[in-house]
Amino acid sequence: MKNIFKISVLVISVCLVPLSCTPEEQRLDSGPESNSFVRITHTSDSYTVPAISGSGFSAGSVQWGDGRSDKYSSGLTHIYSGSGEYTVVIGTCNPEEITFNGIGGITDIDLSSF
């Protein structure tokens, strides 16, 4: 009986992993439900994430591009230790709308997986 339970848990776990995610996105994933990713490249010393919402929206993770990450929340700000170009990747589930409060310092916005 224990073996059947272990196999069932393994099969369920494998089935919940999104098949469309890259290995980088799977590391960002706060859970198996993340299915949308936004990539924002900027040259600012600090960055505040855009507001993301939707009727079934579920927050995910933010990878800041400098090796640090946080759980997504609207208005979350990160301060970098040095100048440079950083790519912020936000992983979420069921987003419907994204609102940028400012685009100063942004060099690229990739919404292809949003």
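A residue counts as buried when its relative accessible area is under 20%, as exposed when that area is over 50%, and as partly exposed in between. Keep those cut-offs in mind, as they come back several times in this tour of a predicted model.

**The chain as a whole**

Let's start with the overall layout. Of its 114 residues, 32% count as buried. The accessible surface comes to about 6,900 Å², and carbon and sulfur atoms account for 54% of it. Contacts also reach along the chain: among those between residues at least 6 apart in sequence, 69% join residues at least 24 apart.

**The sheet**

Five of the strands form an open sheet in the order S5-S4-S7-S1-S9, with antiparallel pairing. At its edges are strand S5 (69–71) and strand S9 (106–113), each of which pairs on one side only. From one strand to the next, the twist averages 15°. As a reminder, strands of a sheet pair through backbone hydrogen bonds, either parallel or antiparallel.

Strand S1 (residues 36–42) runs antiparallel to strand S7 (residues 86–93), and seven bridges join the two. Along this pairing, Phe 37 stands opposite Gly 91 in S7.

**The nonpolar core**

Which residues have the most contacts inside the largest nonpolar core? They are Tyr 47, Val 49, Val 62, Trp 64, Val 88 and Ile 90, in a core of 15 residues. S1 and S7 each supply at least two residues of this core, and S7 gives the most, with three.

Leaving aside residues up to four places away in sequence, Val 88 touches Val 38, Arg 39, Ile 40, His 42, Tyr 47, Val 62, Gln 63, Trp 64 and Tyr 80. Among these neighbours, Tyr 47, Val 62 and Trp 64 are also on the list of core residues with the most contacts.

**Aromatic pairs**

A search of the whole structure finds two aromatic pairs. The rings of Phe 57 and Tyr 72 have centres 6.0 Å apart and planes at 85°, so this pair is edge-to-face. Phe 57 lies in the loop between strand S3 (51–53) and strand S4 (58–63), while Tyr 72 lies in the loop between S5 and strand S6 (77–79), so the pair ties together parts that are 15 residues apart in sequence.

In the other pair, Tyr 80 and Tyr 86 have ring centres 3.9 Å apart and planes at 20°, so these rings are stacked.

| Residue | Relative accessibility | Class |
|---|---|---|
| Phe 57 | 24% | partly exposed |
| Tyr 72 | 5% | buried |
| Tyr 80 | 6% | buried |
| Tyr 86 | 12% | buried |

Finally, take a look at Ser 44, in the loop between S1 and strand S2 (46–48). Not counting residues up to four places away in sequence, Ser 44 touches Tyr 80, Tyr 86, Gly 104 and Gly 105. Its contacts therefore include both members of the stacked pair.

Note on methods. Residues numbered from 1 in each chain as written. Predicted model: local features only at pLDDT ≥ 70, side-chain atom pairs only at ≥ 80, totals over all residues. Heavy atoms only, no water. Pairing = 2+ DSSP bridges. Helix = DSSP H or I, 4+ residues; strand = E, 2+ residues; numbered from the N terminus. Axes fitted to C-alpha atoms, helices over the stretch in contact; angles between N-to-C directions. Core = buried A, V, L, I, M, F, W, Y, C linked by side-chain atoms within 4.5 Å. Buried < 20%, exposed > 50% of the residue type's maximum accessible area, 1.4 Å probe, protein only. Contact = heavy atoms within 4.5 Å. Phe/Tyr/Trp six-rings, centres within 6.5 Å; stacked < 30°, edge-to-face > 60°. Areas by Shrake-Rupley, 256 points an atom, 1.4 Å probe, with all protein chains shown as cover.
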